[in-house]
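Subject: Structure handover

Hello,

Here is the structure for your files. Please open it alongside this note; what I found follows below.

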Amino acid sequence: MNIALRPKSLLRFSVSFPSISLQNPKWFSTVTSKTSSPQLPPNPEYDLQAFFSGKKPRIPRDYELSIVSALKSCSTLLAISQGQQIHGLVVKSGLDSNMFIRNSLINLGCVSYTTMIMGLAQNGCWSEAIKVFEGMRFEGVVPNEVTMSSVISAYSHLGGGWNCRLLHAFVKKLGLEVFVLVSTNLVHMYCACSSLREARTLFDEMPEPNIVSWNVMLNGYSKAGFVDLARDLFETIPSRDVVSWGTIVDCYVQVGRLAVAFDMYRAMLCTGLGPNDIMIVDMISACGQLMALVEGQQFHGLTVKTGFDCYDFIQATIIHFYAVCREVDFAQLQFELGSKYHVPSWNALIAGLVRNRMVDQARELFNEMPERDVFSWSSMISGYSQSEQPDMALELFHEMVACGFKPNEITMVSVLSAIATLGILKEGRWAHEFIRNNSIPLNDNLSAAIIDMYAKCGSIKTALEVFHQIRDNTTTVSPWNAIICGLAMHGHADLSLQVFSDLQRRNIKLSMITFIGVLLACCHAGLVEAGKQHFKSMKNYGIEPNIKHYGCMVDLLGRAGKLEEAEELIRSMPMKADVVIWGTLLAACRTHGNTEIGERAAGKLASVEPSHGPGRVLLSSIYADAGRWDDAFCVRQAIRSQQMTRSPGYSGVV
């Protein structure tokens, strides 16, 4: 269907959505009227061609019927230009007072608006589509079910629960809720506005929902992460199609329940249905999350067998999968086999190289790109930031801005991380101001990066101010982690624990980093019993302590002089102690003069890293403090004979 877009006369409306009134409307609907009217021929294309062939009936009544028939054909075919020509003939012939012709012209006018609204909505011009709709209402033309379906679709992309309810009420007044397409689009709109309860109520009221209606409601639950509700609805779908299966599989993938996703995929195959391209992408992505190389390769083979490998977006997914599985050679091979004009494929390989700490190779690829987007720049900046090359990250960021690219929130997280590493407060304030001036969306990750940057650049006061500004709008734990760790790092243990108590009262899921900050605060304040309680409580939140948490506890016990308890904790660890943990215990032994445990800690440290010079120096100092000069001399002799060196210290000024 060819649709002429944006005639200027219809795009000049700037009126607000008028109050809904059904008094004296210019009515149009595809529902057949019961009022008697001339019978129309069933073939609109033939009828319209016959009318414009120049053969006009001699009898006036037949001529009127011919015009009505032609106008009806124009409405059916959305042939607006031809309809306007017929309108001109009607005016010249003086037939515009004929009731049937006038109704046909009104119908044609509504189809003109509908065509415009459909065309704009289908091309992503949501606001313009709504303005045409407002103009249509201003003119008193009542929309039909096709019009309202497109209008609802446009509003769905702009969001706003108030619009959902307003349009829903309007549809009910027009009596258009009986049309499945209209009700389905309303369900989708409610889901898009996160009004799932109202979406489900409307869905349950639909007399005969079709498979699209079921899938829209299912997708609403899936996108919101309501897995159980999605599964319950899925089980009641009368006849599932590949979209239904794909949606429930994607639902499980998004929440990380990958084993169930694979089970659902296999269950779909048993029904005789095969996967579509979207489902294959989901399954390859799931294999990447699990690092399931063999299974992912099987899906790769399936893409080749089904011909889906010709799709560029699947190519990018396969590249990403191999890179995540640390099979960089396979990722590069897939890239070489694919299109070199598909930017996401370049981006996938660059991100993969960065993930595998191959930053120099990623930069070479970045320099060869025929075209870049914001993700290309962000991936490369992130690579430099993560590989302890903050200067290069900032240099590339300034080059990005100079080239006319607008950084997004992902870019700025990496930039702030680089600044935090350098500790340059002036640069950090400039970056924060840049975010404000360029209206970059402030999500939780970016807020956390700003707080972390100020804390690491020495301005904990500003970090706390930023946190208080965004605290009540947070939905994830990232900003809370940043301020809890920042306060602990600056020695504000009591305030750090107060923030943690506030966090516990909120419906926000805690993470491993949360407890690292809490344990650091306890450590700095010497709160041994509180630290033990928090350490034990981690499992209540579904978090298993890792080696960093154990390290914090060893430090806490060691500072308090509880060296036997610290040593026993190390023995009970489910993982092997590393250099940091043994070094922490050894330092505590020196502080408290415990030679016996110090010797054992030094021996363990030497077995983990034989060339660890600082550990030997600490042991020598422990012997010297205990007056065991011969032992201290022997350790010093061993350091010199093995040519161990101690890195010189340095300090910086912020």
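Some ground rules. This is a predicted model, where local features need pLDDT of at least 70 and side-chain atom pairs count only at pLDDT 80 or more, while totals for chains, interfaces and linings use all residues. Residues are numbered from 1 along each chain as its sequence is written, and side-chain values use heavy atoms, with hydrogens and water left out.

Overall make-up

The chain has 35 helices and zero strands. Both are DSSP runs numbered from the N terminus: helices are H or I with at least four residues, strands are E with at least two. Of the 654 residues, 47% are buried. Buried means under 20% relative accessible area, exposed means over 50%, and partly exposed is in between (1.4 Å probe, protein chains only). Take the contacts between residues at least 6 apart in sequence: 63% of them join residues at least 24 apart. A contact means heavy atoms within 4.5 Å.

Residues 210-244 are 74% helix and 0% strand, with end C-alpha atoms 12 Å apart. Residues 476-510 are 69% helix and 0% strand, and there the end C-alpha atoms lie 8 Å apart.

Helices and loops

Helix 5 covers residues 126-138. Its 13 residues reach 18 Å from first C-alpha to last, close to the 18 Å expected at 1.5 Å a residue. The expected span is 1.5 Å times one less than the number of residues. Buried residues of helix 5 include Phe133, Glu134 and Arg137. Just after helix 5, Gly140 has a positive phi of about 85°.

Thr184 sits in helix 8 (residues 180-192). Thr184 is buried, at 5% relative accessible area. Leaving out residues up to four places away in sequence, Thr184 touches Met206, Asn210, Val212, Ser213 and Val216.

Two non-glycine residues with positive phi are worth a look. Ser194 has a phi of about 65°. Ser194 lies in the loop between helix 8 and helix 9 (196-205), and is exposed at 65% relative accessibility. Glu388 has a phi near 60°. Glu388 lies in the loop between helix 20 (374-386) and helix 21 (390-402), and is exposed at 70%.

Glu544 is in the loop between helix 29 (528-537) and helix 30 (547-559). Glu544 and Ser511 are 33 residues apart in sequence, yet 10.0 Å apart in space, C-alpha to C-alpha.

Salt bridges

How many salt bridges does a search of the whole structure find? The search finds 19. A salt bridge is a side-chain nitrogen of Lys or Arg within 4 Å of a carboxyl oxygen of Asp or Glu.

Glu235 and Arg231 form one, at 2.7 Å from N to O. They are four residues apart in helix 11 (residues 227-236), so about one helical turn separates them. Glu235 is partly exposed at 43%, and Arg231 is partly exposed at 25%.

Arg471 pairs with Asp502, with the closest N and O atoms 3.8 Å apart. This pair links distant parts of the chain, 31 residues apart: Arg471 is in the loop between helix 25 (460-470) and helix 26 (478-489), and Asp502 is in helix 27 (residues 493-504). Arg471 is partly exposed at 22%, whereas Asp502 is buried at 16%.

Glu529 and Lys532 meet at 3.7 Å, N to O. Both lie in helix 29, three residues apart, about one turn of the helix. Lys532 is buried, at 17%. Elsewhere, salt bridges that share partners join Glu567, Glu568, Arg571, Glu596 and Arg600 into one network.

Best wishes
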